[in-house]
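Have the model open beside you as you read this briefing. We will go through its sheets, its helix pairs and the surroundings of its ligands, one topic at a time.

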Amino acid sequence: MTDPLPIVLAGCGPVGRAYADLVTERGRQHGLDLRVVAVRGRDRQRESGEWEPLTDLPALLERTGARVFAQAVPSDGGERAAREALQALRAGAHVVTATKSHLLTHWSELAAAADAAGRSVRISGATGAAMPAGDLARSVLRGFDVPEVSGCVNGTATFVLDRLADGAALEEAVADAQRAGIAEADPGNDLSGADAATKFRLISALLWGWDPATTRVEAESIATPLPAVPAGHRLRQVARAVRDEPGSVRVVLSPEPEASPLGALRGPEKAVRYDCGDAGEITVSGGRSSPRGAALAMIKDTLGAVLEATTGFR
Ligand SMILES: NC(=O)C1=CN([C@@H]2O[C@H](COP(=O)(O)OP(=O)(O)OC[C@H]3O[C@@H](n4cnc5c(N)ncnc54)[C@H](OP(=O)(O)O)[C@@H]3O)[C@@H](O)[C@H]2O)C=CC1
Ligand SMILES: N[C@@H](CC=O)C(=O)O
């Protein structure tokens, strides 16, 4: 077993709690002594015992000797997520995040801070929960010269489209997705394609170095009545980016053959298909779309950040 590896965790909602519950046990399986030494909420934090008022993050990171800063705070565009991730990198901690919004706005700044500090930013939890689509884009397909990537990365959309095809009303299908813990409390970004576009802006950044802040999005919303679908096909919310059309992500409702990787998805399943040119097509699918799935993705990233000598987003 290694020396203790202290972790400061921001966010104790469903994802943060599942991460805190599992990270020590999963670390031990790999010979690492991972310990969450402090948890931070909106206005409060807990080091040991009682919750206390929130203090300055850099001082907390220094006092605890944190090696990892794990983020599972709302993807609501607030400036605090970006500020704290930058503070953590400058303090010498790796950043592992399921939070998406600051990655869209501060990608370049985070990459520069991570490279300067020799630390990683790992974002699997933000690019499809437990499905390792981000890992393929980040490192696994290196050298394959990928010209195109497409996929269904919003579990709510796949679930809702199938329920609508079976005759359910939109409100009923969305309520079912919320009860199943897939749809957000405000499902607007799930239905409009904005969440799928966000994940593809991040995947394209990992794959081709595009800056998510300047990536343009065109997205088609799920709304009834749905377009007609040929026999043997299922309607899917498909996100797509093409290497030779830099800085552009499209999300469309597309009929996919039932036997194809995207048409065959069921419930909240997700899949990403990488066209790898001469290496052929590679599709990754599955992985739980849930708070526990996102927490496990963060744990995988924590182990990767600590065990692998990479810096920045790659
Ligand atoms: N749920 C899922 O399946 C998935 C979620 N994600 C992402 O994971 C993140 C966490 O999601 P979830 O666990 O549902 O939690 P929430 O997004 O509901 O966040 C709740 C936690 O964040 C804390 N919080 C609220 N505002 C801030 C802030 N400004 N700074 C720091 N902490 C804050 C709250 O503190 P307090 O307790 O004090 O109120 C609470 O502990 C989100 O960004 C989400 O998009 C990613 C993939 C899948
Ligand atoms: N609401 C999202 C959850 C994860 O990002 C989805 O439906 O995929």
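## Sheets, helices and ligands

Ala219 stands opposite Val251 in β11. This is a predicted model, in which local features need pLDDT of at least 70 and side-chain atom pairs count only at pLDDT 80 or more, while totals for chains, interfaces and linings use all residues. Residues are numbered from 1 along each chain as its sequence is written, and chains are lettered from A and ligands numbered from 1 in the order in which they are written. Helices (H or I, at least four residues) and strands (E, at least two) are DSSP runs, numbered from the N terminus.

**The sheet with β11**

- Six strands line up in an open sheet, "6 strands" in the order β9-β11-β10-β8-β12-β13, and the pairing is mixed; two strands pair if DSSP finds at least two bridges between them.
- The edges are held by β9 (216–219) and β13 (281–285), each with a single partner strand, so one side of each has no neighbour in the sheet.
- From one strand to the next, the twist averages 25 degrees.
- β9 pairs with strand β11 (residues 248–257) in the parallel sense, over 4 bridges, and here Val217 stands opposite Val249.
- Helix α6 (residues 155–165) packs on this sheet and touches β8 (148–152) and β10 (233–242). Its direction makes about 150 degrees with that of β10; angles run from 0 to 180 degrees between N-to-C directions, and axes are lines fitted to C-alpha atoms, for helices over the stretch in contact.
- β10 and β11 pair in the antiparallel sense over 9 bridges, with Ala241 opposite Val249 in β11.
- The hairpin of β10 and β11 has 5 residues between the strands, and Gly247 takes a positive phi near 75 degrees there.

**The sheet with β1**

- An open sheet of 7 strands runs in the order β4-β3-β2-β1-β5-β6-β7, again with mixed pairing.
- Which strands are at the edge? They are β4 (52–53) and β7 (121–122), and each pairs on one side only.
- Strand β6 (residues 94–97) pairs with β7 in the parallel sense over 2 bridges, and Val96 stands opposite Arg122 in β7.
- Helix α1 packs on the sheet, where it touches β1 (4–10), β2 (33–40) and β5 (68–71). The direction of α1 makes about 160 degrees with that of β2.

**Helix pairs**

- Two packed helices are described by the angle between their axes and the distance between the axes.
- Helix α1 (residues 14–28) and helix α10 (residues 291–307) have axes that come within 8 Å and cross at roughly 45 degrees. That makes α1 oblique to α10; angles under 35 degrees count as roughly parallel, over 145 as roughly antiparallel, 65 to 115 as roughly perpendicular and the rest as oblique.
- Residues making this contact include Ala18, Leu22 and Arg26 of α1 and Ala295, Ile299 and Leu303 of α10; two residues are in contact if their C-beta atoms, placed from the backbone, lie within 7 Å.
- The contact of α1 with α10 has 13 nonpolar, 2 polar and 2 charged residues. Ala, Val, Leu, Ile, Met, Phe, Trp, Tyr, Cys and Pro count as nonpolar, Asp, Glu, Lys and Arg as charged, and the others, Gly among them, as polar.
- The axes of helix α3 (residues 79–90) and helix α4 (residues 101–117) come within 9 Å and cross at roughly 10 degrees, and α3 and α4 are therefore roughly parallel to each other.
- The residues of the α3 and α4 contact divide into 9 nonpolar, 4 polar and 2 charged.
- For helix α5 (residues 133–140) and helix α9 (residues 194–208), the axes come within 7 Å and cross at roughly 20 degrees, which makes α5 roughly parallel to α9.
- Ala133, Gly134, Ala137 and Arg138 in α5 meet Ile203, Leu206 and Leu207 in α9.

**Around the ligands**

- Of the 25 residues around ligand 1, Gly13, Val15, Gly41, Ser75 and Ala98 come nearest; a residue is near a molecule if its C-beta atom, placed from the backbone, lies within 6 Å of it.
- α1 gives the most to this shell, with 3 residues.
- The shell around ligand 1 divides into 11 nonpolar, 9 polar and 5 charged residues.
- Ligand 2 has among its surrounding residues Asn154, Thr156, Glu184, Asp190 and Asp195.
- The ligand 2 shell has 3 nonpolar, 4 polar and 3 charged residues.
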